[in-house]
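Have a go at each task before you read its solution.

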Amino acid sequence: RSSDLKKSVGLSGSEGDQSRARASQLLPDGASFWARKKDYGIAEAALIAYAGHSLLTTGVFLDGKCEK
């Protein structure tokens, strides 16, 4: 679920500024894609993709919890 993936990257709920800040922290090269406040959805999508990639490549969420 997307809520589990968002939690794994350190997000709780749907705070737009928090999503943009965390995405910029983890994916600094993409920060221009979510520079505007209304682009928080793009940042959240990037974070979900980042967490999913981490899970698929390592088998572990970024928060250290195993999915299996």
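Helices (H or I, at least four residues) and strands (E, at least two) are DSSP runs, numbered from the N terminus. What you're looking at is a predicted model, in which local features need pLDDT of at least 70 and side-chain atom pairs count only at pLDDT 80 or more, while totals for chains, interfaces and linings use all residues. Residues are numbered from 1 along each chain as its sequence is written, and side-chain values use heavy atoms, with hydrogens and water left out.

**Exercise 1. The overall picture**

Work out how many helices and strands the protein chain has, and find where confidence is lowest and highest.

Solution. Start with the count: the protein chain has three helices and zero strands, giving the pattern α-α-α along the sequence. Next, check pLDDT (the predictor's confidence in each residue, from 0 to 100). The protein chain averages 81, and 75% of the residues score at least 70. Helix H1 (residues 2-8) has the lowest confidence, with a mean of 69, whereas helix H2 (residues 16-26) has the highest, at 89. Finally, look at burial, where buried means under 20% relative accessible area, exposed over 50%, and partly exposed in between (1.4 Å probe, protein chains only). Of the 68 residues in the protein chain, 32% are buried.

**Exercise 2. The buried side of H2**

List the buried residues of H2, then say what they pack against.

Solution. Step one is the list: Gly16, Ser19, Arg20 and Ala23. Step two is their direction: they sit on the same side of H2, because they cover an arc of only 95 degrees around the axis (taken from the directions from the helix axis to the C-beta atoms). As a reminder, an α-helix has 3.6 residues a turn, so residues three or four places apart point the same way. Step three is the partner: the buried residues of H2 pack against H3, with contact meaning heavy atoms within 4.5 Å.

**Exercise 3. Two polar contacts**

Find the side-chain partner of glutamate 44, and do likewise for serine 24.

Solution. You'll need the cut-off here: a polar contact is a pair of N or O atoms within 3.5 Å; within protein, one must be able to donate a hydrogen and the other to accept it, and residues adjacent in sequence count only if both atoms are side-chain atoms. Take glutamate 44, in helix H3 (residues 40-58). Glutamate 44 is buried, at 12% relative accessible area, and its side chain makes a polar contact of 2.9 Å with that of serine 19. Now take serine 24, which lies in helix H2. Serine 24 is partly exposed, at 27% relative accessibility. Leaving aside neighbours within four places in sequence, serine 24 touches Ala31 and Trp34, and its side chain makes a polar contact of 2.9 Å with the side chain of tryptophan 34.

**Exercise 4. The nonpolar core**

Which residues make up the largest nonpolar core?

Solution. First, the rule: a nonpolar core is a set of buried Ala, Val, Leu, Ile, Met, Phe, Trp, Tyr and Cys residues joined through side-chain atoms within 4.5 Å. The largest has eight residues: Val9, Leu11, Ala23, Trp34, Ala43, Ala46, Leu47 and Ala51. H3 gives the most to this core, with four residues. Then zoom in on leucine 47: not counting residues up to four places away in sequence, leucine 47 touches Val9, Leu11, Ser19, Arg22, Ala23 and Leu26.
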